[in-house]
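Please read these notes with the structure open. They cover strand pairing, the domains and the ligand site.

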Amino acid sequence: MTNDPFSTDERRALAALTADFTAKEIAPNLNEWEDAELIPREVHKALGDAGLLGIGYPEEVGGSGGDSIDVTVLTENLLSSGGSGGAFASLFSHGIAIPHMIDAANRRRVAGDNAGADWLLDEYVRPVLAGDKIAALGVTEPDGGSDVAHLRTRAIPDGDDWIINGAKTYITSGVRADVVVVAARTADSGASGVSLFAVDTSLPGFKVTRKLQKMGWDCSDTAELAFVDLRVPSEALLTPEPGGGFASLSRHFAVERLSLATLAYATAQRCVDLTVEWTRQRETFGRPLLSRQVVRHDLVEMIRRTEVARTYARAIAVRHAAGEPVLLEAVLAKNTAVEACDWVVDRAVQLHGGAGYMRNTEVERHYRDARIIGIGGGATEVMTDLAAKLLGW
Ligand SMILES: Cc1cc2nc3c(=O)[nH]c(=O)nc-3n(C[C@H](O)[C@H](O)[C@H](O)COP(=O)(O)OP(=O)(O)OC[C@H]3O[C@@H](n4cnc5c(N)ncnc54)[C@H](O)[C@@H]3O)c2cc1C
């Protein structure tokens, strides 16, 4: 018996299922997907069939149930079994998109609009959680991503429809997405003029203008998008008018940041494990690297930083699962884990020597993949500034 919420029977089974899936279906194919800069759709389907895409979503909307502790267990095990940040970002891009649709469906139910709620759930949420469709979130624009309140994509009402014009960039899964939750301006009033729309990518006027090439997360397709007189029906508007989009984004950003914190320390932990093993086997000057005090101290420091990041982020996941608002804590967890991860991946490459610099050696991939975590989902400086605001300063 254990009181550790991360080690209940159910969560141990989830850990084993994730580890097994990752070891069999993801890890052996990663290099091929990195070269192709794309993950095949069938992998989403297989993950959906295994119930893993639905972790953290209620069964009523097609999910597998669970909360942020379960999502943490899933992320940790995906990384510890040979997965990657890019694979996580791509396969779980719906994590930043469909919560806005589920909220909208819930609001419609309360307002008696069952048809509107069912449309969102049946058309997008359930197929995405089953792995039949792919969802993305489109907030960042070529003019800027940090300053969400001043985005420029515009939606104008036209009869019962909305007409959207504008552009987005750096959109994860944007090349393959069937639906993109798009942030667009419906009024000129800064943050309070931002709304969210479920945009079906089959509609005329939706264009993938470029598939972007990156430093890391290679297997995760990243798109530049354009909307040219894109007409969407009124049911596509997800947030209360006027401009409820910013509040919805801010609320769910907390979960995204917590999930990126988990990704960061899980990446660091994998690099610790790989480097301990490497230094045990690699001999220089007639002795294993691990026999050198300076190497052992390096490894202990890698472990210390990773443990601190994990312990804090896990504690915040527990508080989030208990229903506490953790806006500030998610920011602190992300910055802490990013700092730990950046340091650990660097030391991992260093201790692997030339092998650590070779393309698609696992630590080399983690080194490149890790760099985005301090930029995406809110850059570290922007997170620090937000923390000060949340502290009332
Ligand atoms: C691989 C990848 C995947 C992504 N996926 C998505 C996605 O799916 N959906 C989506 O909408 N976006 C996505 N993004 C965009 C990401 O969220 C933005 O890149 C991020 O928010 C930063 O915005 P920016 O790139 O426009 O940088 P800018 O806003 O131009 O900022 C540049 C840098 O300036 C610094 N900075 C900014 N503001 C301040 C300030 N006030 N004080 C001090 N320093 C500051 C930070 O260091 C920041 O990194 C992705 C980005 C990448 C690279």
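1. A residue is called buried if 20 or more other C-beta atoms lie within 10 Å of its own, exposed if 12 or fewer, and partly exposed in between, with C-beta atoms placed from the backbone. By that count, 6 of the 7 residues of strand 5 (residues 194-200) are buried, and the strand is mostly covered. Strands (E, at least two residues) and helices (H or I, at least four) are DSSP runs, numbered from the N terminus.

2. This is a predicted model: local features need pLDDT of at least 70, side-chain atom pairs count only at pLDDT 80 or more, and totals for chains, interfaces and linings use all residues. Residues are numbered from 1 along each chain as its sequence is written.

3. Val 180 has Val 199 of strand 5 as its bridge partner.

4. The chain is divided into domain 1 (135-242) and domain 2 (247-390), with bounds from an automatic or database domain assignment. Their centres, taken over C-alpha atoms, are 30 Å apart. In contact (C-beta atoms, placed from the backbone, within 7 Å) are 9 residues of domain 1 and 8 residues of domain 2. The side of domain 1 that touches domain 2 has 6 nonpolar, 3 polar and no charged residues. Nonpolar means Ala, Val, Leu, Ile, Met, Phe, Trp, Tyr, Cys and Pro; charged means Asp, Glu, Lys and Arg; the others, Gly among them, are polar.

5. Where does the ligand lie? Both domain 1 and domain 2 give residues to the shell around the ligand, so it lies between them. The ligand is surrounded by 22 residues, each with its C-beta atom, placed from the backbone, within 6 Å.

Terms used
Two residues are in contact if their C-beta atoms, placed from the backbone, lie within 7 Å. Two strands pair if DSSP finds at least two bridges between them.
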